Amino acid sequence: MSNYLKGETSFYLNEYLNTIIDWYPWGEEALKKAKQDRKPIFLSIGYSGSEKCKVMREESFITLKTSQLLNEHFISIKVDKDERTDIDKYYKQVYKLMNGQNCSSPVSIFLTENLAPFYSASYIGTSPKGNVLDFETLLVTIHQKYKEDKDTMIKKGEEVLEYIDPKNKSIEATRLNIDISKTITTHALNLYDKENGGFGDAPKFLHISTLDLLLETYKITDNKELLSIVLSTLKKMANSEIYDPIDGGFFRYAFTKEWQLPREEKISYDNANIASLYLKAYKITSDEFYKKIAFESIDFMIDIMSENNFFYTNSLKNHNGSYFIDKKIVTSFSSMIIDALFNASIYDEKYSSIATDTLDSLLEKYYENQILKHSDNINGFLEDYAYLGITLLNAYDNTKNSKYIILAENILNQSIDNFYENGRWKFSNSDIPVYDDIHDLLYPSSIATVLRLAQKISFKIDNDYSQIIFKTLEMNSYNLMRQPLSSPRMSKVLLKYFKKMI
């Protein structure tokens, strides 16, 4: 059986093409159908590399009863999170608001026909877990409540929408000052896993942005404890199972706090950002170990995750050692990789031509007539402008080709024109009115990255972005000064702001 996903380019969406559920892609047809039929929407957001998404596809979505319930009583919409990052970001905010915690993929949201969210979950299994019902019972329950007490569902959804609208939020501001470096140091020392390196318990993630912030704070304070945390963590990670010594590259996370039993998925932005971090460690220490790990991680992406001057988003290592590659091309992710290539080219010129060739191909494909695309047929989000701009500036620094700094300035000005609103930044101008935040969840915040671009380019061109930088920092000052490790890239921007450093 074929549903409404025919013609979609996403590998993830195509995994659901020939199923018994009448899946729609996100778009006018599905949303119009929900209003016409007065049915609630079941929105399922995920990506091809997610283990929980795979389990839902192979178990939760294949039973005849659940399929019948979805087809008869709901409009089912399937979204690839990497293609529609705006939808994923927005509904993860909804999930956090409704459940008091963050969630990873998948995201499962039930909405009224007018897009008011009234129930949210992440993974929904075939048997109950905690306060989440099994999928079949949940569908029956929601259908009954929607039929019998629709007004309550609508009211709940509208309350969520009103709360998530930034125009309705009061701003708590506090004085910005350089004492943030003391808070960073205190929090880092308290949270550091002295035995295993890194931060947090199992599952153990890479926390690249936090380590990068500690390096920056070390440069300013000369606190050797911070440097020790970073270098020790980088050594422990590279000598554990979260690093792949055969093919190179880091896996997404490990199931133990000792960095063992990795989830054998490699994400392009993780490996790009961590390679750049290892190169910073090499610059400080001159220890060849750090350069070796950085180059091996970059070489993995070149050898396994690229083709025809483009880089792909993620890969899964199979039991036989071969890789499944999700061949999506995303501007923001690709920009991070190219940036790492330029960083590596400082120490080995062979990476320079790969970086420029890939950058030029990306610009030709996704920045036609000065209109930036996120991926095929999807307009650029703030993250695409931010990361491409930073990479263009790095390209100029490494090649001295003036076209790159001209493009970087254009990209920055476009991002301000398209997304900036008096200290706040929209994430997209799509049909989902999502605003960005300063937290580094999967990768560094787009707001922090575009501010970093504004800081760096101000030293090279005759244009003053200081008011935009200050206003954005001030808007986020309350959370920034109290919890700097929750938004490490933004904290780095603040440190640079006080020290007037490139």
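Modeller: Proline 203 lies in the loop between helix H8 (180-191) and strand E6 (204-205); helices (H or I, at least four residues) and strands (E, at least two) are DSSP runs, numbered from the N terminus. The model is a predicted one, in which local features need pLDDT of at least 70 and side-chain atom pairs count only at pLDDT 80 or more, while totals for chains, interfaces and linings use all residues. Residues are numbered from 1 along each chain as its sequence is written, and side-chain values use heavy atoms, with hydrogens and water left out.

The bond that joins alanine 202 to proline 203 is a cis peptide bond, with omega about -5 degrees. A cis bond also runs from serine 105 to proline 106, with omega near 0 degrees. Serine 105 is placed in the loop between helix H5 (85-99) and strand E4 (107-111), and proline 106 is found in the loop between H5 and E4. Serine 105 counts as buried because its relative accessible area is 9%; buried means under 20%, exposed over 50%, and partly exposed in between (1.4 Å probe, protein chains only). Beyond its neighbours within four places in sequence, serine 105 is in contact (heavy atoms within 4.5 Å) with residues including Tyr47, Cys53, Lys81 and Ser122.

Two residues other than glycine have a positive phi. Arginine 38, with phi near 55 degrees, is in the loop between helix H2 (28-37) and strand E2 (41-46), and is exposed because its relative accessibility is 62%. Asparagine 369 has phi near 55 degrees, is found in the loop between strands E14 (367-368) and E15 (371-375), and is exposed at 66%.

Turning to charge, the structure holds 32 salt bridges, a salt bridge being a side-chain nitrogen of Lys or Arg within 4 Å of a carboxyl oxygen of Asp or Glu. Arginine 252 and glutamate 265 form one of them, at 3.9 Å from N to O. This pair links distant parts of the chain, 13 residues apart: arginine 252 is in the loop between helix H10 (224-238) and strand E7 (253-254), and glutamate 265 is in strand E9 (265-267). Arginine 263 also meets glutamate 265, at 3.6 Å. Arginine 252 and glutamate 265 are both buried, and arginine 263 is buried too.

Arginine 489, in helix H20, is buried yet has no salt bridge; the nearest side chain of opposite charge, aspartate 212, is 4.3 Å away. Here Lys and Arg count as positive and Asp and Glu as negative, with His and the chain ends not counted. Among the contacts of arginine 489 beyond four places in sequence are Asp212, Asp440 and Pro444.

Finally, the second largest pocket contains about 1000 Å³ of space. Of its 32 lining residues, the closest to the centre are Lys280, Asp339, Asn343, Lys456 and Lys492. On a 1 Å grid over the protein atoms alone, a cavity is a set of points where a 1.4 Å probe fits but cannot get out, whereas a pocket is an open set with protein on both sides within 12 Å along at least five of seven lines; lining residues have an atom within 4 Å of a point. Grid points are joined across faces, edges and corners, and the volume is the space filled by probe spheres set on the points. H11 gives the largest share of this lining, seven residues.
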